[in-house]
Amino acid sequence: MALRGSCRCGCVKFEIDGRLMGVGNCHCTTCRKTQGAAFRTRARVRRADFRWLAGQDLLHSSESTPGFHRGFCRNCGAPVVNWNTADSEYGRRNPAMLETYGIAVATLDDDPGVTPGFPEESVAARADTSPNQAESL
Ligand SMILES: [Zn+2]
Ligand SMILES: [Zn+2]
């Protein structure tokens, strides 16, 4: 069954027809600053499983490190999807990640049926808050 999601104002809508991967809470400084919260709950989805239903034109992004885009609704500011481009450090190291989006789990309107864990990568790599770290979705 597809999972639907939307931004706070409802102008951006999407649907995911596939598995959520790497559901976890990221506590890195950039996620905390971006969310204005103690952590960001995120998951990865295959881009092939992700469909825009509305408002894709409202998606803006901010590059928090080169090639790592944090996408948000231009109208309400809600975080929606993040992605790496091929020139990002993480994308160069993990080309398979270029086929995925990171989504803000809180934007889902349907119950994803998963509980955020603490993936190894978020504990190991993200504990380092130096500005040059490679960001993953
Ligand atoms: Zn919005
Ligand atoms: Zn983070």
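How many of the 137 residues of this protein count as buried, as a percentage? The answer is 29%. Buried here means that 20 or more other C-beta atoms lie within 10 Å of the residue's own; exposed means 12 or fewer, partly exposed is in between, and the C-beta atoms are placed from the backbone.

Before we go on, some housekeeping. This is a predicted model, where local features need pLDDT of at least 70 and side-chain atom pairs count only at pLDDT 80 or more, while totals for chains, interfaces and linings use all residues. Residues are numbered from 1 along each chain as its sequence is written, and chains are lettered from A and ligands numbered from 1 in the order in which they are written.

OK, the overall layout. We've got 3 helices and 9 strands, and those are DSSP runs numbered from the N terminus: H or I for helices, at least four residues, and E for strands, at least two. Reading from the N terminus, you go β-β-β-α-β-β-β-β-β-α-β-α.

Let's walk across. β3 and β4 are antiparallel, with 4 bridges, and Gly24 has Arg42 in β4 as its bridge partner. On we go to β9 (residues 100-104), which β4 meets over 5 antiparallel bridges; there, Val45 sits opposite Tyr101. Further along, β7 (residues 68-73) and β8 (residues 79-84) share 4 bridges, again antiparallel, and Arg70 faces Asn82 in β8.

Why is β4 (residues 40-46) largely enclosed by the rest of the structure? Because 5 of its 7 residues are buried.

Last stop, Arg4, in strand β1 (residues 3-6). Arg4 counts as partly exposed because it has 15 other C-beta atoms within 10 Å. Skipping neighbours within four places in sequence, Arg4 is in contact with Lys13, Glu15, Asp109 and Asp110, where contact means C-beta atoms, placed from the backbone, within 7 Å. Across the whole protein, 58% of contacts between residues at least 6 apart in sequence join residues at least 24 apart.

Notes
Contact = placed C-beta atoms within 7 Å. Pairing = 2+ DSSP bridges.
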